[in-house]
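The following paragraphs are meant to be read with the coordinates open in a viewer. They move from a single side chain to the spaces between the chains, and then to one helix and its surroundings.

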Amino acid sequence: MTSAMVEARGVCKHYAGVEVLRGVNLTVNRSEVTCLIGPSGSGKSTLLRCINHLEKHDAGDLRVDGQLVGYEARDGKLYERSDKQICIERSQIGMVFQRFNLFQHLTVLENVTIGQVKVKKVAADAATKRARELLARVGLDAKEGFYPSQLSGGQQQRVAIARALAMDPKLMLFDEPTSALDPELVGEVLDVMKDLASSGMTMIVVTHEMGFAREVADTVYFLDSGVIEESGDPRQVLSSPRSERLKSFLSKVL
Amino acid sequence: MSSDGGDEVKVVPVRHVGRWFGGAVIIVLIGMLGHTIISKIPTGQRSCETVGGVRACHPQINWRFSWNIVFHYFTSSEILHGLVKTMELTVLAMAIGIVLGVLIAVMRLSPSRLLSSPAWSYTWFFRGTPVFVQLLFWFNISAIYPTLTIGLPFLPVTFLHLDMVTLLTPFTAAAVALGLNEAAYMSEIARSGLISVDEGQVEAASSLGMTRGQSLRLVVLPQAMRIIVPPTGNEVISMLKTTSLASSIGLTELLGAATNIYAANYEVMPLLITASLWYLIVTTVLSIGQFYLERYFGRGALRTPPPTPLARLRSDLRGIVSKFRTPRPSVSREALR
Ligand SMILES: Nc1ncnc2c1ncn2[C@@H]1O[C@H](COP(=O)(O)OP(=O)(O)OP(=O)(O)O)[C@@H](O)[C@H]1O
Ligand SMILES: [Mg+2]
């Protein structure tokens with residue numbers, strides 16, 4: 001398929017009276033890294049959650065991999081997707097959270113195998129083998145028997161990335177993956193993400209790490225109060241912002 | 001600190017006078033109680049015997065707690081049968097309570113009002129009426145429902161037809177009454193466990209493509225167990241004792257067995273003590289089981305799991321021994337300057 005991986009046209013979302021997304025347009029091409037920046041409360045998490053069916057957008061056209069999110073177009077009608085179909089869609093999209101959200105009662109290895117075994121129905125030994133490969137890739141093969149509470153934040157976030165990768169996703173969403181980390185731990189997580197980007201994974205990254213955006217992103221989107229204010233090549237957008245709002249935002253984060 | 005040579009001063013620990021005094025009072029009180037437990041008193045009767053043609057009478061004395069009678073009945077078959085009934089009833093009622101309770105808790109948390117309202121009403125009703133009343137109610141339910149017919153309301157369709165009088169023996173009535181009542185309490189315990197699990201865990205489970213059922217079963221419940229187990233242990237122990245209410249509807253459980261015996265021989269206190277000792281023993285065993293269950297479900301929650309009671313006892317003993325062995329703690333002279 002030649003279409004973009006994610007295509008948003010006029011996506012809107014509101015919660016009880018609050019307009020959070022007010023017509024977002026965005027295109028994420030395959031094998032590209034897209035960074036989403038913007039002030040707190042601008043709707044970045046909400047947009048990611050809509051892409052991953054964790055929230056339902058209430059207007060506009062949102063497609064992932066050419067398919068409408070939440071609906072199926074057949075015979076000129078829109079059919080709401082069943083819970084089961086939504087689960088299948090979600091299993092193909094990896095998500096990494098600001099607060100890691102590792103399963104606290106499972107070991108590192110079990111965290112990385114559970115999705116494979118229970119959702120993808122992979123045999124247990126094959127899942128374990130794959131999990132060990134992925135843990136080695138994020139540099140944590142020595143920690144497989146540990147519980148998440150026994151790991152540092154950076155290690156936990158790397159396990160979370162391995163857990164998402166174990167589902168062989170076609171798209172990875174990162175919601176401020178380094179915001180909860182001590183400054184000296186940010187680098188180890190960003191390194192894993194850079195490695196992932198260079199392997200050709202399609203990624204949408206919500207981040208305040210402008211250095212990462214500049215270095216890795218193919219496109220940067222600046223979201224402000226529910227609309228995309230500015231977008232384009234990171235060097236251009238971040239170095240010579242056109243809008244006043246982006247200028248004042250950048251002066252605060254940098 | 002204290003390792004840098006002989007340059008050390010002695011540290012004088014604080015003396016806790018109040019604690020020592022309180023401790024002494026408690027020890028005296030315990031001693032008094034202990035004395036009554038092992039003391040003997042006159043029973044109020046006299047026993048007479050004739051030795052060498054001389055008849056001598058003297059007052060009978062016995063343990064204040066009649067330990068001889070307590071232990072005579074302690075392992076009697078009647079008491080042991082009662083004990084087995086008590087345990088069977090506890091297990092059955094708790095099983096009904098836990099399964100139904102978790103179900104009600106899940107319904108209560110459902111976004112659908114169709115499920116959450118009945119769950120709320122259930123808890124409201126069964127918590128709002130005394131368990132003893134419910135027990136009597138179930139035992140006598142054949143008065144208003146002589147037969148149990150399962151079918152569609154208002155339609156001539158029936159799947160099952162049962163006679164309530166034969167169905168509800170004292171045992172089944174007690175199991176149903178205590179189980180249904182317990183479900184109301186268990187549902188609140190389960191609900192508090194379920195809502196204690198961070199929402200992010202559910203989001204992570206969904207983002208892996210797990211269904212609601214999978215995320216509940218594989219992610220939320222196992223973590224909720226850590227919160228659910230301690231109060232559930234409480235409930236089991238409480239249930240063990242609540243089963244004694246069933247003696248009032250003619251079930252010969254532990255208390256029932258004891259009352260039957262003392263109804264015949266008037267040894268009320270010794271038999272109540274016999275029953276109490278058994279309740280205490282079972283409760284103790286249950287508490288130990290609860291500890292290990294908590295340890296199991298707490299895995300991953302704490303960086304270092306709590307020690308087992310044995311390990312704690314060992315470290316306590318080591319602590320006491322070292323108090324007598326090692327010299328008083330000392331700091332270097334540097335610290336004084
Ligand atoms: N479930 C909800 N109910 C009501 N309002 C919500 C809900 N979730 C988010 N919001 C509101 O939507 C707005 C956007 O939230 P969102 O989490 O998307 O912001 P964000 O850009 O990710 O911010 P941050 O950088 O702080 O994470 C906020 O004003 C928030 O209060
Ligand atoms: Mg956010």
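Which backbone oxygen does the side chain of A:Ser91 reach? The side chain of A:Ser91 reaches the backbone oxygen of A:Ile88 at 2.7 Å, a polar contact being a pair of N or O atoms within 3.5 Å, where within protein one must be able to donate a hydrogen and the other to accept it, and where residues adjacent in sequence count only if both atoms are side-chain atoms. This is a predicted model, in which local features need pLDDT of at least 70 and side-chain atom pairs count only at pLDDT 80 or more, while totals for chains, interfaces and linings use all residues. Residues are numbered from 1 along each chain as its sequence is written, chains are lettered from A and ligands numbered from 1 in the order in which they are written, and side-chain values use heavy atoms, with hydrogens and water left out.

A:Ser91 lies in helix 2 of chain A, helices (H or I, at least four residues) and strands (E, at least two) being DSSP runs numbered from the N terminus. A:Ser91 is buried, with a relative accessible area of 11%, where buried means under 20% relative accessible area, exposed over 50% and partly exposed in between, with a 1.4 Å probe and protein chains only. Leaving aside residues up to four places away in sequence, A:Ser91 touches A:Val119 and A:Met167 as well as B:Ser207, B:Leu208 and B:Gly209, contact meaning heavy atoms within 4.5 Å.

Some of these names return in the lining of the largest cavity, which includes A:Met167, B:Ser207 and B:Leu208. A search of the whole structure finds one cavity of 30 Å³ or more, and about 40 Å³ of space lies in the largest cavity. Strand 8 (93–96) and helix 5 (153–165) of chain A, together with helix 8 of chain B, each give two or more residues to its lining, and strand 8 of chain A gives the most, with three residues. On a 1 Å grid over the protein atoms alone, a cavity is a set of points where a 1.4 Å probe fits but cannot get out, whereas a pocket is an open set with protein on both sides within 12 Å along at least five of seven lines, and lining residues have an atom within 4 Å of a point.

About 1,200 Å³ of space lies in the largest pocket. Its lining has 35 residues, of which B:Pro111, B:Val202, B:Ser206, B:Arg212 and B:Ser215 lie nearest its centre. The largest share of that lining, five residues, comes from helix 9 of chain B.

The last stop is helix 4 of chain B. In the loop between helix 3 and helix 4 of chain B is B:Ser110, which is buried at a relative accessible area of 13%. B:Ser112 caps the N-terminal end of helix 4, with a side-chain oxygen 3.2 Å from the backbone nitrogen of B:Leu114. Within helix 4 of chain B, B:Ser116, B:Ala119, B:Tyr122, B:Thr123 and B:Phe126 are buried. Seen down the axis of the helix, these buried residues fall within an arc of 120°, so they line one face. They pack against helix 3 (77–108), helix 5 (131–139) and helix 7 (170–196) of chain B, whereas the face turned away from the buried side carries the exposed residues B:Arg113, B:Leu114, B:Trp124 and B:Gly128.

Definitions and conventions: Arc of directions from axis to C-beta. Points joined across faces, edges and corners; volume = space filled by probe spheres on them.
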